[in-house]
Amino acid sequence: MKTRYTYGGDEHVYVEMDEEMSLEAFFKSLSMSNAVREADIPGVTEICPANASFQVRYDPDVTAPDEMLKRIQDLEHMADKAEKRMTTRIIEVPVYYQDPWTHETLMRFRERHQDPEGTDLDYAARINGYDSVEAFIKAHHSQPWFVSMVGFVSGLPFLYQLVERDKQIEVPKYLRPRTDTPKQTVGYGGSFSCIYSVRGAGGYQMFGITPMTIYDPRQETSYLRDFLVFFKPGDIVKWKPIDRAEYDRILAEVDANTWAPRIAEVEFDLDEFNKDMTGYNAKLMEALNDA
Amino acid sequence: MTLKIVKSGLATTIQDMGRPGYFHLGIPEGGAMDRLSMRAANMLVGNPEEAAGLEAVFMGPEIEFTQEASVAVTGAELPVMVDGEPRETWTSFTMKPGQVLSFGFLQAGARAYIAVSGGIATEPDLGSRSTYPIGALGGVEGRAVQPGDELPVGDAPTVAEGRSVPAALRRGPGNPAELRVLTGLYWYRLTDTAGQQFFEDTWTVAAEADRMGYRFKGGRPLEFVEREQPFGAGADPSNIVDGCYSYGSIQVPGGTEPIVLHRDAVSGGGYFTLGAIISADMDLIGQLQPNTQVNFVNVDMDTALAARADRKAIIRKIREELG
């Protein structure tokens with residue numbers, strides 16, 4: 001991992017921990033962006049952590065660009081020393097895989113896809129070496145995921161699966177982005193899953209849909225009254241496969257502001273996780289049983 | 001008092017100086033695309049410079065006033081009329097109760113800024129009245145104005161008619177427009193030849209040009225330095241592991257059509273960016289019509305900072321002028 005510092009125009013400093021994705025790069029990016037926040041450098045207006053990088057926006061009339069870059073660089077040694085552990089939460093997110101709404105949408109944009117003959121799930125299962133769509137779906141939801149970035153639009157989470165690299169699912173994005181994606185579609189692009197927080201354009205493959213509202217500008221949803229965005233970097237997600245009947249039931253409860261996701265507080269320690277991923281994940285997911 | 005929207009124009013939105021602080025959640029700062037013009041319009045009618053006004057793109061709205069108010073229209077050259085009688089742009093005038101403000105056909109630029117004494121007083125979201133339709137924030141219930149809307153306006157005294165911003169202090173893009181670029185970010189992904197081409201070629205503003213971003217076409221395709229794509233980046237040579245996007249950053253998906261992200265930028269994504277438009281030239285993009293020719297000009301940080309100071313000096317002069 002070699003850190004790279006660069007400017008984004010005269011108002012941004014961009015720091016890339018690594019060209020490739022890894023949990024190590026994510027942890028370093030998160031702890032360094034936290035260190036920048038704590039350093040309280042004059043002129044800083046936005047600190048945006050991403051998967052393996054982060055960006056600082058600032059007023060160069062308050063702190064000059066070279067000085068800003070140097071002050072951020074000086075914080076790198078702190079991030080290197082920081083413990084790779086955090087107190088976070090695991091959330092169970094219900095997913096209706098192979099739902100009719102993303103299916104209708106993917107058929108409508110078939111000519112923009114790598115494989116116009118099948119569905120997004122058929123294609124993703126095949127290129128990742130799974131015998132069946134069912135086996136692929138099981139791989140998608142059986143191990144938990146880390147929210148490694150929130151962004152693109154309106155609180156959209158990017159998620160990275162907590163498994164060995166050779167078990168990571170990888171799929172390309174659509175050849176040309178769609179102009180429409182149903183709200184709360186569970187998508188996939190590169191090595192990331194996502195939940196589309198609002199309806200709109202998108203290029204990720206579509207696997208299913210969640211009835212769980214994750215962005216509510218009116219803040220009426222029972223679990224979004226304090227803040228309009230649900231996810232934050234560092235959250236851990238366990239997908240729970242559901243059928244149409246359960247989807248309809250949860251959706252009605254979300255709309256009535258009576259539903260809330262299962263959430264448990266957990267510790268995540270990267271070194272311990274790396275020693276025994278499956279065992280560590282089992283313990284993480286057990287916490288949901290008591291939630 | 002309220003402003004009665006009779007006709008909404010093409011996409012007329014309430015904008016102020018935006019809501020910085022939420023970009024890490026994918027909520028952009030938003031606000032007037034051409035901030036200098038919005039500030040000037042507010043100064044002309046005696047408002048705080050950060051007050052909310054209307055941004056009208058390509059076509060003006062039609063608005064009935066219910067009480068007396070001072071109004072100024074800046075930015076694009078969009079002919080202004082009060083009950084059918086012409087008024088000057090960049091100049092304050094008075095609207096009487098029952099009078100209707102309307103607009104003629106666009107002559108230059110792309111976005112007109114309409115300030116009303118007292119400022120538009122809709123409910124702010126996350127500290128700003130700026131309209132962000134994707135996230136349903138600000139504006140009128142999170143959307144652009146529609147016929148039938150009644151927009152609340154704050155109480156404020158009117159100002160003298162005929163207060164005007166001198167022509168020398170009205171800033172707009174030339175033709176062809178020049179947009180200054182500071183290279184950086186993932187610039188190293190381009191071959192030397194591609195980097196030169198980007199600045200040599202003349203580009204044209206494409207039809208896909210809005211508050212989120214402006215797309216350009218007509219230049220030669222850009223070639224990338226060959227590499228094995230990093231894990232998690234995706235197969236296309238223009239892909240990176242999804243990262244943050246800077247305001248003004250220039251991405252070139254597939255190496256073909258550059259996209260400059262503007263005030264309603266998506267906060268991140270998986271395309272390489274070759275650098276960013278300097279902050280001083282962001283206002284100019286808001287005044288570019290589709291099919292306008294554009295040359296990107298390679299500058300260094302010192303030039304970017306000097307241009308930033310020049311733009312601030314213009315705003316200061318307008319402030320002094322209108323004291």
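Modeller: Two strands pair if DSSP finds at least two bridges between them. The strands and helices are themselves DSSP runs, numbered from the N terminus, with at least two residues (E) for a strand and at least four (H or I) for a helix. The model is predicted, and local features need pLDDT of at least 70, side-chain atom pairs count only at pLDDT 80 or more, while totals for chains, interfaces and linings use all residues. Residues are numbered from 1 along each chain as its sequence is written, and chains are lettered from A and ligands numbered from 1 in the order in which they are written.

Colleague: What makes strand S3 (residues 53-57) of chain B and S10(B) a pair?

Modeller: DSSP gives four bridges between S3(B) and S10(B), in the antiparallel sense.

Colleague: Which strands make up the open sheet of chain B, and in what order?

Modeller: Five strands, ordered S2-S3-S10-S5-S8, with antiparallel pairing.

Colleague: Why are strand S2 (12-15) and strand S8 (93-95) of chain B said to stand at the edges?

Modeller: S2(B) and S8(B) each have a single partner strand, so one side of each lacks a neighbour in the sheet. Neighbouring strands here are turned by 30° against each other on average, direction ignored. The axes are lines fitted to C-alpha atoms, for helices over the stretch in contact, and angles run from 0 to 180 degrees between N-to-C directions.

Colleague: Why are both faces of S2(B) called covered?

Modeller: Thr12(B) and Ile14(B) on one side, and Thr13(B) and Gln15(B) on the other, are all buried. That means 20 or more other C-beta atoms within 10 Å of the residue's own, C-beta atoms being placed from the backbone; 12 or fewer would be exposed, and in between partly exposed. In a regular strand the side chains alternate between the two faces of the sheet.

Colleague: What makes chain B two domains, and where are the bounds?

Modeller: The domain assignment gives domain 1 (2-169) and domain 2 (177-313) of chain B; such bounds come from an automatic or database assignment. The C-alpha centres of these two domains of chain B are 29 Å apart.

Colleague: How many residues of domain 1 and domain 2 of chain B are in contact?

Modeller: 17 residues of domain 1 of chain B and 13 residues of domain 2 of chain B. Contact here means that the C-beta atoms of two residues, placed from the backbone, lie within 7 Å. On the domain 1 side, helix H1 (35-44), strand S5 (69-77) and strand S10 (108-116) of chain B each give two or more residues, and S10(B) gives the most, three.

Colleague: Which elements of chain B touch chain A, and how many residues are in contact?

Modeller: The contact joins 43 residues of chain B to 45 residues of chain A. Strands S15 (239-244), S18 (268-271) and S19 (273-277) and helix H4 (301-322) of chain B supply at least two residues each. The chain B side divides into 23 nonpolar, 17 polar and three charged residues. Ala, Val, Leu, Ile, Met, Phe, Trp, Tyr, Cys and Pro count as nonpolar, Asp, Glu, Lys and Arg as charged, and the others, Gly among them, as polar.

Colleague: Where are the domains of chain A?

Modeller: Domain 1 of chain A covers 4-82 and domain 2 covers 87-290, with C-alpha centres 28 Å apart. Their contact takes nine residues from domain 1 of chain A and 10 from domain 2. Helix H1 (23-39) and strand S3 (44-49) of chain A each give two or more residues to the domain 1 side; H1(A) has the largest share, four. That side has eight nonpolar residues, one polar and no charged.

Colleague: Which strands form the open sheet of chain A?

Modeller: Four strands, in the order S1-S2-S4-S3, paired antiparallel. Strand S1 (4-8) and S3 of chain A are the edges, because each has a single partner strand. Neighbouring strands are turned by 15° on average, direction ignored.

Colleague: How many bridges join strand S2 (residues 12-16) of chain A to strand S4 (residues 53-58) of chain A?

Modeller: Five, and S2(A) and S4(A) run antiparallel, with Glu16(A) opposite Ser53(A). H1(A) packs on this sheet, touching S2, S3 and S4 of chain A, at about 165° to S3(A). Helix H2 (residues 65-73) of chain A lies across S1, S2 and S4 of chain A, at about 30° to S2(A).
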